[in-house]
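Visitor: I'd like to talk through the aromatic rings in this protein. Could you put the structure up first?

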Amino acid sequence: MSAAIPDKPALEGLESKWGAAWEADGTHRFDRERATRDNIYSIDTPPPTASGSLHIGHVFSYTHTDVIARFQRMRGRSVFYPMGWDDNGLPTERRVQNYYGVRCDPSLPYEADFTPPFEGGDGKSTKAADQKPVSRRNFIELCEQLTHEDEVQFEKLWRDLGLSVDWTQTYRTIGDEALFTSQLAFIRNVERGEAYQAMAPTLWDVTFRTAVAQAELEDREQPAAYHRVAFHKPDGGTIEIETTRPELLPACVALVAHPDDERYKPYFGTTVTTPVFGVEVPVLAHHLAQKDKGSGIAMICTFGDVTDVVWWRELDLPNRAIMGFDGRIIADAPDVITSEAGLAAYAELAGKTVFSAKQAMVDLLRASGELIGEPKKITHPVKFFEKGDKPLEVVSTRQWYISNGARDEALRAKLLESGRELAWHPDFMRVRYENWVGGLTGDWLISRQRFFGVPIPVWYPLDADGNPVFDQPIVATQDLLPVDPSSDAAPGYDEAQRGRAGGFVGEHDVMDTWATSSLTPQLAGGWERDPELFELVFPFSLRPQGQDIIRTWLFSTMLRAELEHGERPWNHTTLSGFIVDPDRKKMSKSKGNVVTPADILETHGSDAVRYWAASSRLGTDAAFDPQNPTQIKIGRRLAIKLLNAAKFIHGAGSAGDSAVTNAVDLSMLASLSEVVHQATIALDNYDHARALEVTEAFFWTFCDDYLELVKERAYGGADAEKESAVAALHTALSVFLRLFAPFVPFATEEAWSWSNDGSVHVAAWPNEIEIPGAEDGVTAVLDLASRALTAIRRAKTDAKVSQRTPVISAVIAGTGEQVALLRQAASDLAAVGRIAVLDFAEADELAVTDIVLETVPES
């Protein structure tokens, strides 16, 4: 039953009113019974990180997706639009540490009634050493508790924004279903030989004995010194390098210079011998070497910093790591140091801290005569763990990898082919994917020494001495999933054998969060849990996402789909741009310039904010100034105008079965038909901004000109003419509400409810053929009438009188063709212009050539 039209339509309160109605009616619910592979439209929705708060960039990009979801639903598609929560991984752990004042210590026992030191902390002034250590299980319980609270708040904001998500289709990246899916995919990777173990470099905090992720890093200026050191050429000469890390000379594996550096080109492909230790290493070329830094040639050590790691991987160099987890030089010298002098020198370093080893190495270089001059003091940025007190080291640890095409040309070719088959919006984003795939140099390291993540489903047998046999991993079977090897016994063993010789030990590492997020199509689609659903939705129709994670999320999902299914995971991908501040700087939490959307939504209304977001094309950055949100204000004005125009049209009466016969009315509908055509093409091509642009432009013409032209006839004209106007108005209103529905869902739903049962969001998208056709030339009538009306208004303005001033007579001139068409709008022009006698004359251009006002202003 249609709703009553309010005396004064307003936007306030529409979000809660219609949000509740949509939920109660299941308006956006996925209709699985009606879904077929042919009519389904499935969306691999980005799962936002459930840690902290959403920001305006989320509102921006998720609105782009929702516009498409609503459009496809109105086109008759069965829309599968789930929402996930990315609640595992580092961001969640950091938030829990800060919020509760705790840190995880897996060696501690579980406390059943544990109460954290406090709740609500920001942790900014708290060092990790001051945080209370808790067991892994206690820590995970706190993670789950806090992420659940965050997810409740996130869902509320998404509902307020009007996302047409099916809230019965949600998932978490740490729930049992996610654990099952992630672990099963990993097991399949192992079975096919795509997942394997290898020793690898890891950023390591020596104080807290933990691996550190990139998001936890910060640069701090530190004092250091350049040491100029001589390497020996076969011909008896030397090549001098400058280094701040002389203590890593035993770990040197190569020298490197820029490929274009003429000083060192003759030496590329040759070898030199390291000072003190006498180890032969190659001289190589790499573009990351800096010609203007030091002597222009550097030593590569495993590992001094992250650049060494890049060189080590890309140049396929050996690993001679000498740094222990405690930040001291390990006892055993690398195998390549074989001379008595070299071994004796290494013994001088073994067991020492970085600082002490540096001093000892400088003394050795001085004694050998291979230190050139005295060290030169400098300051430079050094990477620290944000909570740490000592510089990070790069240590070698055993890690799990998944093949990604870096060393498999056939797989790389398939991934590139899948990228070409995928429809990219905008298309120019494709090159970023291709560049990433083409530039891969190492397989994907997926293991992390973290706590709140998907456990790697592997155990290792212990030999007779109690040492893990890493090359004989015990991999879980599907029937055991989900499983946590740190608390569940290995198959064929009992818990009493854990950690004992001849028994087993569980893998403590968890998977990188991307190793789970790369499976969002499988998570949302019920892979291996609901085969019927997965068959319906996969490959998904759309993957929307940010352009900054093409190389991570988009690529990794393409990879996992290729490895598991042999096909791409979606047919289309849409890439949103960034939100930038008024200074055109990208908004990000790390820069401290983000804007949270709750206040903006409350102040301006969700439709206004959605309008701002939808006004920007895909792949294009949008500036946002919270102090002067111009586009949001324009959007609010549009939404209010929709409500007022609807109220005005309903005030003219019901259309009934009346026919549209008047030329002005037919012209308006013919123009609106073209708008429908253009908007539909734009949305079919994922150009939501163009669809909004053409619809909005004509809507303002409709309000400013057409409504003015016909209001006298619609509210009081002769029967046939009035009926034509009223019928045209109601037809136009129905079309406009449906055209705008994906963009401003609350205002359109409100206005739709005044004359329709059911939701506008499940109404049929407007079709050109439902708009009455027009005879030749009639499409120009409204345009000419609008121009004539403007001329009449201008004439009154020039005469400095009110637009309501009566006109005794007026003459409108134009070309013969224009005059012929304008005569069809004569009665409407006379009525709106308050003209007693309206005549026409032929001239070169359209204009009011003569107007006699009933009241002439004083001279």
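Guide: What follows is a chat about ring pairs, and about charges over rings, in this predicted model.

Visitor: How many aromatic pairs does the structure hold?

Guide: The structure holds 29 aromatic pairs. One of them joins phenylalanine 60 and tryptophan 612, whose ring centres are 5.5 Å apart.

Visitor: Why is that pair called tilted?

Guide: The planes of phenylalanine 60 and tryptophan 612 stand at 45 degrees, so the pair is tilted, because stacked needs under 30 degrees and edge-to-face over 60.

Visitor: And where in the chain do the two residues sit?

Guide: They come from distant parts of the chain, 552 residues apart, with phenylalanine 60 in helix α2 and tryptophan 612 in helix α16.

Visitor: Buried or exposed, those two?

Guide: Phenylalanine 60 is buried at a relative accessible area of 0%, and tryptophan 612 also counts as buried, at 4%.

Visitor: Now to tyrosine 493 and phenylalanine 504: what is their geometry?

Guide: Tyrosine 493 and phenylalanine 504 form a tilted pair, 5.4 Å from centre to centre and with 55 degrees between the planes. Tyrosine 493 lies in the loop between β21 and β22, while phenylalanine 504 belongs to strand β22. Tyrosine 493 is partly exposed, at 26%, whereas phenylalanine 504 is buried, at 0%.

Visitor: Which residues do ring pairs link into a cluster?

Guide: That cluster consists of Phe698, Phe699, Trp700, Phe702, Tyr706, Phe736 and Phe740.

Visitor: Changing topic, which ring has the charged end of arginine 543 over it?

Guide: The charged end of arginine 543 sits over the ring of tryptophan 553, at 3.2 Å from the centre. Arginine 137, in turn, lies over the face of tyrosine 110, 3.8 Å from the ring centre.

Key: Residues are numbered from 1 along each chain as its sequence is written. This is a predicted model: local features need pLDDT of at least 70, side-chain atom pairs count only at pLDDT 80 or more; totals for chains, interfaces and linings use all residues. Side-chain values use heavy atoms; hydrogens and water are left out. Rings of Phe, Tyr and Trp (its six-membered ring) pair if their centres lie within 6.5 Å; planes under 30 degrees apart count as stacked, over 60 as edge-to-face and the rest as tilted. Helices (H or I, at least four residues) and strands (E, at least two) are DSSP runs, numbered from the N terminus. Buried means under 20% relative accessible area, exposed over 50%, partly exposed in between (1.4 Å probe, protein chains only). A charge sits over a ring if NZ of Lys or CZ of Arg is within 6 Å of the ring centre and within 35 degrees of the ring normal.
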